[in-house]
Amino acid sequence: MPNIRTVTPEELERQREIMAEFAEQNAARPSAPLALVDTYGCQQNEADSETIRGQLREMGWDFTDREEEADLIILNTCAVRGHAELRVLGNVGALSHTKRAKPDQRIALCGCMVQQPHMREKLKASYPYVDLVFGTHELWRLPELLMRLYAPHKGRIYEARDIDGERVEGLPVLRGTGVRAWLPIMYGCNNFCSYCIVPYVRGRERSREPQAVLREAGELISKGYKEIYLLGQNVNSYGKDLGSGTDFSDLLREISGIEGDFVLRFMTSHPKDASEKLFDTMAACEKVERHIHLPFQAGNDRVLKAMNRGYTAEAYRRKVEYARSLMPDIAVTSDVIVGFPGETDEEFGDTLSLVRDLRFDMLFTFLYSPRVGTPAASLPDPCGKGEKQARFDRLLALQEGISLETQAAHVGKVYRILVDGKGDKPGRLTARSIHNRLIHLEGPESIIGTFQEARITGSTTWSLSAEPQKGAWENG
Ligand code: SAM
Ligand code: SF4
C-alpha cells in the first residue's frame, strides 16, 4: 500500500503566514522583485509552474521573461528523455554569466529532473551557483524554502524527499490569460512502464476529490476559460485510489454537465485502462472532445510485455475500433517509442503495420532514451544508433504520408472551432476543432476565445486552414 498523507491545514497555514510576510516586505520595496519561471516538458509541469507563479504572486513577486533582470529564476525541469535533461543543463550553464552580472540573483531548479539523486549530485558538484533545488513533492513548501533562501548566511538548499506523495489542496494558482486552462485531476503514476522515469520522480497515483475538481472546473468556466484540459499521467485510473465509486468517465460526465459553452479535453489515457464506458461517455457528452490521445508505444506483443504496458497490440486495435464505431469522426493520436532495448527489425515491422492499419491522425515518435534506475536501462541493447535512427525515419515517413491524406480529407468540411490564439504572422490566428485539430485562419484578434463556424479550405501534414462559413466571423 502506498504511504500517502494529506498535508494538514496547520502546515498550509504556516506557508500562508510566510507568504504574507514576504508580501509585506516586498510591498515596502520601491518596486516588486522580478521572477522568471521557465518550464520544460509536459502539461503537468506547465500546471505546476502556474502554482509556483501563484505562490510568487501572493508573495509580492512580479514576472519577467528576461533572465538578466530577474531577481529569481526557477527552472521547472523534465526527466522523461535524456535530451530534455541536456537542454536544462545547457541553460543552467548559460545562467552562470547572468548571475555573474547580477550577483544577488537567485537560481532555483525544481521538477522531475532534480527528483533524481544522481542529478542532484551532478548539480552540487558542477553548478555551485545554483542556490535552491527542490523536488516534485516540495511544491507546497516553496514559501518556506524561499524564506530560507533569503535568510542571512544561507547556504545552498537541496530538498527532495523520496516519498510516495502527499495530498494537498488550496494552493494559489496563477494561470495565463487565455482560452485554455490546465486542470490536474490526479498526480503520480502506478504503472512502472519499464522505460519510464515518471513513477520514480512523481510518486504514486493520488486523485483529487471529485468535488474539488468540479468546483475548480466551475470557477474556470465562469471566469471565461473555453477549453478545460484535465491532466493526469493516466487519467483512466482516476478515482481508483479514492474508493468513492467515481471513475474518470463519471467525472467527465459531471464536468461536461456544468452550464456554459466550453470544450473538455483530457490527457493522457493509458490503453489498458481506457474502458468501453469511457468511449460511451465521450460519445454521449457533446462538450467532450472527439479526440483521444492513446499512446501505444509499440506494435509487437513481446516488446509491449517487456515495456510492462499491460495490453496486446490486438487489444489496442480493438479499443480504437470500438471508439471509431461509436464516433466515426474521432481523432486518434498516439505516442510510440522506437528502439526499445532488444527490439528487432521484425518487431519494429509490427509497429509499422499497426500505424499503417490504424491511420492515426497524429503520432509523436520518440527514440528510446535510457533512464537511470528504470528496468529497461539494464536490458541488453545490441541495436546500434544508426539502425534505430533509420527505423525512426521510416516510421516518420510512413506517418507523414498518412497525415497528409487524413488531413486532406477535411477540406470542404464545416466545423465549429474555438479560436485560441495569435498565429505566426500579424492578422493570423489559430484555432482547434472539437477533434483537437490545429487550424490556421485570418481574422481580428477580437474573436480569440470565441467559437466560430468554419469551412476547411486547405491542409498540410500538421494543420488545416479555414475561412468563415458565413462569409465573415461572428463578432467577438
Ligand atoms: N503517462 C503518459 C503515458 O503513459 O502515455 C505519458 C508519459 S510520458 C511523459 C510521454 C511519452 O514519452 C510516453 O508516452 C512515451 O512515448 C515517451 N517516453 C517515456 N519514457 C521514454 C523513454 N525513456 N525514452 C523515450 N520515450 C519515452
Ligand atoms: Fe510513464 Fe507508463 Fe506512467 Fe505513462 S503510464 S507516466 S509511460 S510509467
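**The barrel and its surroundings**

Modeller: Let's begin with a closed barrel of 5 strands, which runs β17-β18-β19-β21-β20 with mixed pairing. Strands (E, at least two residues) and helices (H or I, at least four) are DSSP runs numbered from the N terminus, and two strands pair if DSSP finds at least two bridges between them. Neighbouring strands of this sheet are turned by 55 degrees against each other on average, direction ignored; axes are lines fitted to C-alpha atoms, for helices over the stretch in contact, and angles run from 0 to 180 degrees between N-to-C directions.

Before going on, please keep in mind that this is a predicted model, in which local features need pLDDT of at least 70 and side-chain atom pairs count only at pLDDT 80 or more, while totals for chains, interfaces and linings use all residues. Residues are numbered from 1 along each chain as its sequence is written, chains are lettered from A and ligands numbered from 1 in the order in which they are written, and side-chain values use heavy atoms, leaving out hydrogens and water.

Now find β17 (residues 414-422) and follow it to β18 (residues 428-433): 5 bridges join these two antiparallel strands. G421 faces T430 in β18, and K422 has L429 as its bridge partner there. The two strands form a hairpin with 5 residues between them, and G427 in the turn has a positive phi of about 85 degrees.

From β18, carry on to β19 (residues 438-442), which is antiparallel to it and joined by 5 bridges. Here R428 stands opposite E442 of β19. This second hairpin has 4 residues between its strands, and N436 takes a positive phi near 65 degrees.

For another kind of sheet, look at the open one of 6 strands, ordered β3-β2-β4-β5-β6-β7 with parallel pairing. Its edge strands, each pairing on one side only, are β3 (62-63) and β7 (157-159). Within the sheet, 3 bridges link β5 (residues 106-111) in parallel to β6 (residues 132-134), with A108 opposite L132 in β6. Helix α3 (residues 82-101) packs on this sheet, touching β4 (72-77) and β5, and its direction makes about 165 degrees with that of β5; contact means heavy atoms within 4.5 Å. Helix α4 (residues 117-126) lies across β5, β6 and β7, at about 175 degrees to β7.

On a 1 Å grid over the protein atoms alone, a cavity is a set of points where a 1.4 Å probe fits but cannot get out, and lining residues have an atom within 4 Å of a point. The largest cavity is lined by D48, N76, C110, G111, F134, G135, T136 and L139. This lining divides into 3 nonpolar, 4 polar and 1 charged residues, where Ala, Val, Leu, Ile, Met, Phe, Trp, Tyr, Cys and Pro count as nonpolar, Asp, Glu, Lys and Arg as charged, and the others, Gly among them, as polar.

Definitions and conventions: On a 1 Å grid over the protein atoms alone, a cavity is a set of points where a 1.4 Å probe fits but cannot get out, and a pocket is an open set with protein on both sides within 12 Å along at least five of seven lines; lining residues have an atom within 4 Å of a point.
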